Amino acid sequence: MYEGAVQGLIDELGRLPGVGPKSAQRIAFHILAADPEDVRRLAAALIEVKEKVRFCTVCGNVAEDEQCQICRDPRRDPSIVCVVEESKDVVAIERTREFRGRYHVLGGAISPIEGIGPDELRIKELMTRLADGSITELIIATDPNLEGEATATYLARLVKPMGLNVTRLASGLPVGGDLEYADEVTLGRAFEGRRLLDV
């Protein structure tokens, strides 16, 4: 639709996850109208992230060194590991300031439709970490969707013979929500995960 470089930019932006054709076009025209210095900073940031950032050799989180900040932190409890799908999930959990253990990033979830099986995820690396017996609890914090549940079930069955405490993050009603708007599955999970009120 557009001439060479503009269409090339739109096509490349459209390959990004969550960016459709209209969003790609809007971003491309924003870049065209932007100050050249802003565009240079964006280009430099993209190049820098590809050159400097790698994945932690222990947990698979993003890092600029061999190990990420969390794996290097001696104050973290190494006996508790929280398994998540992506690095962005680590950030979400860290924002709560509730978890003081370490993480393991799988790099996705089991999804036969997308051709992602256990071998495409960092499950072998997880099993290697669990083999020395220093980890006592595995918290499975995969997404509460079909793929996340399949991954959680697979992991729970895989590590059961190791005698670990395997827990799953509770799911249910959001704070500030109304019962009438909750779907049956969410409401059912809320009932399953109910706890005693400590007053």
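**Helix packing and local features of the predicted model**

Residues are numbered from 1 along each chain as its sequence is written, and side-chain values use heavy atoms, with hydrogens and water left out.

In H5, the buried residues are Ser87, Asp89, Val90 and Ile93. These residues cover an arc of only 150° around the axis, which puts them on the same side of H5; the arc is that of the directions from the helix axis to the C-beta atoms. The face of H5 that is turned away from this buried side carries the exposed residues Lys88 and Arg95. Just after H5, Arg97 takes a positive phi of about 60°.

Within H5, which comprises residues 87-96, Asp89 is of particular note. Asp89 is buried yet has no salt bridge, and the nearest side chain of opposite charge, that of Lys88, is 4.2 Å away. A salt bridge is a side-chain nitrogen of Lys or Arg within 4 Å of a carboxyl oxygen of Asp or Glu, and for charge, Lys and Arg count as positive and Asp and Glu as negative, whereas His and the chain ends are not counted. When neighbours within four places in sequence are left aside, Asp89 is in contact with Val84 and Asp143.

Turning to helix H2 (residues 21-33), its 13 residues should span 18 Å at 1.5 Å a residue, which agrees with the 18 Å between its end C-alpha atoms; the expected span is 1.5 Å times one less than the number of residues. In H2, Ala24, Ala28 and Ile31 are buried. Seen down the axis of H2, its buried residues fall within an arc of 60°, so they line one face of the helix. The face turned away from the buried side of H2 carries the exposed residues Lys22, Arg26, His30 and Ala33, while the buried residues of H2 pack against helix H1 (4-14) and helix H3 (36-52).

In H1, the buried residues are Gln7, Ile10 and Leu13. Seen down the axis of H1, they fall within an arc of 125°, so they line one face of the helix, and they pack against H2. On the other side of H1, Gly4 and Ala5 are exposed.

The structure holds one aromatic pair. Phe99 and Tyr103 form this pair, which is edge-to-face, with 5.1 Å centre to centre and 65° between the planes; rings of Phe, Tyr and Trp (its six-membered ring) pair if their centres lie within 6.5 Å, and planes under 30 degrees apart count as stacked, over 60 as edge-to-face and the rest as tilted. Both Phe99 and Tyr103 are buried.

Finally, Gly107 lies in the loop between E4 and helix H6 (123-131) and, at 44% relative accessibility, counts as partly exposed. With neighbours within four places in sequence left aside, Gly107 is in contact with Glu85, Glu86 and Leu121.

Key. Predicted model: local features only at pLDDT ≥ 70, side-chain atom pairs only at ≥ 80, totals over all residues. Helix = DSSP H or I, 4+ residues; strand = E, 2+ residues; numbered from the N terminus. Buried < 20%, exposed > 50% of the residue type's maximum accessible area, 1.4 Å probe, protein only. Contact = heavy atoms within 4.5 Å.
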